[in-house]
Structure formats: structure tokens, C-alpha cells
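The following note comments on the fold of a single model.

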Amino acid sequence: METVYLSIDPINPRHETVMAAVRFLEQEELVAFPTETVYGVGALAQSTNAVKKIFAAKERPATNPLQVHISRLNQLRNIISCLPAEAEKLMDRFWPGPLSIILPAARQISAEVCGRTGTVALRMPSHPVALALIDEAGPLAATSANLSGRPSPLSADDVKADLDGRIRAVLNAGRTGSGLESTVLNLCQGSYQVLRRGGIAVEEIEEILGKRVEVAVQAHARQDHYQVRTRVSIAKDEKEFSLILNNLNSSSGTVGIVYNDFSSKIFVEGDVPAEARIYRLNLGQNTNVELYSILRQAEQEGLNDLIFAPLPIDSKGVTASIVDRILAAANRGQISGPA
Ligand code: TXA
Ligand code: MG
């Protein structure tokens, strides 16, 4: 299949371009689109045939559910079977924005979308292109537009690297998105559980709900994301980091060093071999987290190793969300190709 790349203005999307993408969706094809977090790939939520294509294109296990992306609250009617007051409060405060809320699915939603869980993750993205697309097409079952297990895409080029020839079209709004996916919150059966930390801090959710929320990300983080060919490791403390830097020499192969704004050791020229790549990653805020770009770049440049400066312990807010992702990248170690 030839994938069509449709350029679109991220702030004032042209109606004709949006409609071109809608026509593909109506033909039960897949379209990738920008969101405020990462690029997603979507299908009409009501078309089981189209939804199945997402799993095939991404090589995603059928048991891993998709989120249903909506643009207006009145689309919720045939998607969920009940709307608890707590969920409404959260939608009021954080939507449109990077919070996915899991609720019991309505019977109209196919088992394929839900990964046969009987529940559905709802997300209302805030990107103007995503909203315009969903407004015209209706609710989209969607997920990040990468091959299963790979870093999420922040540009049409990233999408192309993973899904070219596997999907019908990409709405190309340039480099966009915070780089931090939505927080996934389970509100089924009276539970208050964060399954993935993301763009909305756990503490902010607790403040709105007026109660503690359980963070259950470990098992989830292991099954998700970041298979890259570069080996990723993290120095456990400043001492180890200094030792690693001191032992680097021109025979270490091609290495990338990722400094962060919490590490006390700042980059000094001469600390590392001249051919090493130096990256800086801001852990203190969620505007444009460059982690995925660094992982993809390191791989494209053929780096053998990517070494992260020590990470803050017991981090809070979105810093914790970013740290989760770095840990996931390192746990994976070296993997020869996408699963
Ligand atoms: O920011 C985002 O959330 C992006 C953009 C494209 O919206 N999407 C995204 O999709 O990151 P994905 O599929 O890569 O991550 C969604 C996560 C998955 O790990 C999935 O297992 C979980 O949410 N999830 C979705 N529906 C669920 C459900 N019904 N129960 C439990 N977990 C669910
Ligand atoms: Mg993903």
C-alpha cells in the first residue's frame, strides 16, 4: 500500500485536507494524525474491520486495547455504559488534554477495540488537527503511530520510519507534541489506579478527586515501548557516572551521553571523547520531552551505547512520568529489531 502524506497546518487545519483523511477513514483505512502528546494512528471506532488493521499494521498483540479518541462529550453515549461523577470531574478539568480514562465499555463498542477487557480508555486530545479530524469522522480507535514496542513518534518522519506502506495516510503537521503520552487512569469498579504515568501528574488527579490514587505502572512499563538498536543504560549515581565518563575513550565505540537537569555533573568539554554525542534532557517539565527523539536519533546514527546521567529518586509530577520511560528504555537492553 502506498502511504499518502498530507501536509496540514497545525493551528488552522484546512477543511479539504481534513476531509481527504476522513474519506480514507470511511473506506475503513488507517490514518495517522498529530496529537498534543505524540502522533497517533486511528480507525473508525465503529468499524471492526478497520480496527483490526491497526493491530496488523503495528504488529500489536490483540490483547492490548486501543483508546477511543473523541472530540466532544456527546460522542460518549455509545462508547461507555456509565459515567461516574468522578470521571466527569476529571473530564471537566483536564479535557481536552493528556488524560485517558478507563470506564466500562458500552455493548456497541467492539471487543477488538477493548482488547476483550470489557473496558474502554477514553481520550480527548487537544491538538486542533486531531479535534478537526474526529469532529468530521466521529470517534476513532487509536494508539501511538509506531510499530509495537518502538518509541512513540513526534513527527511524520518518525511515523514513516515505522509504518510507511502499512497505513493509508499521515496528516503531517510537522514536529509536534509534548513527547509524553497521556496518563492512563483506570476508574472501573471503584478503583483509582494509574496504569501509565504521563502528561497529567498523578498529584493533579488526586487533587481533583480528593483521594489517593494507586500507581500501578511497573508491569505495564515492561510490556510497552522502546525497542531500539542502541543499548541504553543509566548511571546509578554520580560516582558511577564519573567513572563511566572517565573510562570512555576512542575505543569505546560510538557513545551518546544524556545529561539531565537534576544531575549535578554538568557537561564539560574534554570529559568525554570528541566523537561522543551529547544530549540534554529536561526532566523538570513536560513541554517537549525529547526522550523519544534522542532514542530514535541514537539508533539512526548507529550509536552502540546511550548512557543516561543518574535520575532523581522518588521523583514527582511529570518528572516521574519521564523517569518511567527512561527506565523502560534501559530495561529493554539491546534488541535487534522491532517485535
Ligand atoms: O497520548 C496518548 O495516549 C497517545 C495518543 C496517540 O493519544 N496514545 C497512546 O496509545 O499512547 P498507546 O496505545 O501507545 O498507549 C495507550 C495505553 C496502552 O498501553 C494500553 O495498554 C492502555 O493505554 N489501555 C488502553 N485501553 C485500555 C483498557 N481498556 N484497559 C487497560 N489499559 C488500556
Ligand atoms: Mg504506544
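How many helices and strands does the secondary structure of the protein chain come to?

1. The model under review is predicted. Its protein chain comprises 10 helices and 15 strands. The radius of gyration is 20 Å, close to the 20 Å that the globule rule gives for 339 residues, so the chain is as compact as a globular protein of that length. Along the principal axes, the C-alpha atoms fill a box of roughly 60 × 50 × 35 Å.

2. One open sheet has 11 strands with mixed pairing, in the order β1-β8-β2-β3-β7-β4-β6-β5-β9-β10-β11. Its edges are β1 (4-7) and β11 (214-215); each has a single partner strand, so one side of each is left without a neighbour in the sheet.

3. Within this order, β2 (residues 31-33) and β8 (residues 169-172) pair in the parallel sense over 2 bridges. Val31 has Ala169 of β8 as its bridge partner. Two helices may be noted here. Helix α2 (residues 48-58) packs on the sheet and touches β3 (40-44) and β7 (140-144), its direction making about 150 degrees with that of β3. Helix α4 (residues 128-137) also packs on the sheet, where it touches β2, β3, β4 (67-69), β7 and β8; the direction of α4 makes about 150 degrees with that of β7.

4. A further open sheet is formed by 4 strands in the order β12-β15-β13-β14, with parallel pairing. Here β12 (231-234) and β14 (277-281) stand at the edges; since each has a single partner strand, one side of each is left without a neighbour in the sheet. Neighbouring strands of this sheet are turned by 20 degrees against each other on average, direction ignored.

5. Strands β12 and β15 (residues 305-308) pair in the parallel sense over 4 bridges, and Ile234 stands opposite Phe308 in β15. Helix α8 (residues 238-247) packs on the sheet, in contact with β12, β13 (255-260) and β15, and its direction makes about 150 degrees with that of β13. Helix α9 (residues 291-300) touches β12, β13, β14 and β15 as it packs on the sheet, with a direction at about 165 degrees to that of β14.

6. Helices α3 (residues 85-94) and α6 (residues 202-209) pack at an angle of about 125 degrees, their axes 10 Å apart. The two helices are therefore oblique to each other, and their crossing is right-handed. The contact involves Glu86, Lys89, Leu90, Arg93 and Phe94 of α3, together with Glu204, Ile205, Ile208 and Leu209 of α6. By class, this contact has 5 nonpolar, no polar and 4 charged residues.

Definitions and conventions: Residues are numbered from 1 along each chain as its sequence is written. Chains are lettered from A and ligands numbered from 1 in the order in which they are written. This is a predicted model: local features need pLDDT of at least 70, side-chain atom pairs count only at pLDDT 80 or more; totals for chains, interfaces and linings use all residues. Side-chain values use heavy atoms; hydrogens and water are left out. Axes are lines fitted to C-alpha atoms, for helices over the stretch in contact, and angles run from 0 to 180 degrees between N-to-C directions. Angles under 35 degrees count as roughly parallel, over 145 as roughly antiparallel, 65 to 115 as roughly perpendicular and the rest as oblique. A crossing is left-handed if the near helix is turned anticlockwise from the far one by less than a right angle, and right-handed if clockwise. Contact means heavy atoms within 4.5 Å. Ala, Val, Leu, Ile, Met, Phe, Trp, Tyr, Cys and Pro count as nonpolar, Asp, Glu, Lys and Arg as charged, and the others, Gly among them, as polar. Two strands pair if DSSP finds at least two bridges between them. The radius of gyration is taken over C-alpha atoms; the globule rule is 2.2 Å times the number of residues to the power 0.38.
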